[in-house]
Amino acid sequence: MQGAGSRGKMGEPTIRDVARRASVSVASVSRALNGLENVRSETRDRIMAAVTELGYVPNAAARSLSLSRAHAIGVVLPDLHGEFFSECVRGMDREASRRGYLLLLSNMHDDSEQSAMALRAMRGRVDGLLVMAPHIAPASLERALPQALPAVLINAPGEVTSRPGLRIDNRAGVDAMVRHLLDSGYRNIVHVAGPDGNVDAQERAGAFRDAMQRLAPDLPARIMAGDFTEEGGAAAAQEILEGDAPIDAVFAANDMMAIGCLHALRAGGKRVPEDIGVTGFDDVPLARYLDLTTMRVRIADIGARAVARLVDMLDGQGPGDGTELQAPELMARSTTMPRAASSAVPRA
């Protein structure tokens, strides 16, 4: 039991409450909250659990947020390479510059402890966080987010509701692409999925199964493993070339896999789109250059909107909760084409 006298003004928890709940010293709590290395991982986990349970906000961080600004925003991404991420950061930088903020970039690996370290490293340096973490388990992400820093999440798992966010409406995008392929006469469609544990990959694969079952229940819903890379797309194409399945369309879960698949199929003697159609998801700049049929996600706009929501929160001008969905737009280009009328799928 904690005595009433151990709490701060208005019943707010203090650092001593956290130390008592975690059965550690106040100094250990301070070291953990400041991201220092000389705290054992199990002790840090216990401290962060106590911080979450009590809703503790460090006084120094609260004063920093209310009285002064670093005019910097921390951006934590799963990768700092690739066109998707560069487009997202481009949009963030555009809006941040307009609002008078700088960006501080870092990346977040799959390992939960490394992810927590990446987020803790931002403490004291930024006014708020933009976190893209589709590959982090909801419970791990909740534990890793610094309680004292405002944050906007991008493409985080839907179960994480403690912070405002922006997400791609993957189900709507996949449904539109499957309809396009079926309406164009493609019957033997294979979906090349993204990596296991990635929320976007999981949603797109699940939506593909559902769309095929609903729109063409007589056709198989084939799914192949992938990893969101060009190499993964090329490997899937090689498997198609060497296999016996009568595949006439590939729907890759992102553009980079679609591009790798496109090159490998053509190198293997397949004509695109005459022999096999190829489609992707995201509409990165390279997809437009290659005239790839894909679902357009306004990536730069998502980055800009995330900055706008965060700065509005810091200024006390915007709601600090809720998730916004962005519906992708079908971009039908030359890697798909209408096929013979006899191959079209009869649907209501």
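Which side chains meet in a salt bridge with an N to O distance of 3.8 Å? In this predicted model, the side chains of Arg204 and Asp282 do so. Arg204 lies in helix 9 and Asp282 in the loop between strand 9 (277-279) and helix 12 (285-289), so the pair ties together parts that are 78 residues apart in sequence. Arg204 counts as buried, at 2% relative accessibility, and Asp282 is likewise buried, with a relative accessible area of 6%.

**The protein as a whole**

- The protein contains 13 helices and 12 strands.
- It has 348 residues, of which 50% count as buried.
- Its accessible surface comes to about 15800 Å², and carbon and sulfur atoms account for 50% of that area.
- Among contacts with a separation of 6 or more, 70% involve residues 24 or more positions apart.

**Helix 9**

- Helix 9 comprises residues 199-215, a run of 17 residues.
- From its first C-alpha to its last, helix 9 reaches 24 Å, close to the 24 Å expected at 1.5 Å a residue.
- Asn198 caps the N-terminal end of this helix, with a side-chain oxygen 2.9 Å from the backbone nitrogen of Asp200.
- The buried residues of helix 9 include Asp200, Arg204, Phe208, Met212 and Leu215.
- The cover over the buried residues of helix 9 includes helix 8 (170-183), strand 5 (165-168) and strand 6 (189-192).

**Salt bridges within helices**

- The count of salt bridges comes to 21.
- Arg99 forms a salt bridge with Glu95, and their closest N and O atoms are 3.0 Å apart.
- Arg99 and Glu95 are four residues apart in helix 5 (residues 83-99), and therefore about one helical turn separates them.
- Glu95 counts as buried at 10% relative accessibility, whereas Arg99 is partly exposed, with a relative accessible area of 25%.
- Salt bridges that share partners join Glu95, Arg98, Arg99 and Asp312 into one network.
- Asp175 forms a salt bridge with Arg179, the closest N and O atoms being 2.8 Å apart.
- Both Asp175 and Arg179 lie in helix 8, four residues apart, which is about one turn of the helix.
- Asp175 is buried, with a relative accessible area of 16%, while Arg179 is partly exposed at 34%.

- His71 is placed in the loop between helix 4 (59-67) and strand 1 (72-77).
- This residue is partly exposed, with a relative accessible area of 39%.
- Leaving aside residues up to four places away in sequence, His71 touches Gly100, Tyr101, Leu102 and Asp127.
- The C-alpha atoms of His71 and Val126 are separated by 7.0 Å, although the two residues are 55 residues apart along the chain.

Methods. Residues numbered from 1 in each chain as written. Predicted model: local features only at pLDDT ≥ 70, side-chain atom pairs only at ≥ 80, totals over all residues. Heavy atoms only, no water. Helix = DSSP H or I, 4+ residues; strand = E, 2+ residues; numbered from the N terminus. Buried < 20%, exposed > 50% of the residue type's maximum accessible area, 1.4 Å probe, protein only. Contact = heavy atoms within 4.5 Å. Areas by Shrake-Rupley, 256 points an atom, 1.4 Å probe, with all protein chains shown as cover. Expected span 1.5 Å × (residues − 1). Polar contact = N/O pair within 3.5 Å; in protein donor to acceptor, adjacent residues only side chain to side chain. Salt bridge = Lys/Arg side-chain N within 4 Å of Asp/Glu carboxyl O.
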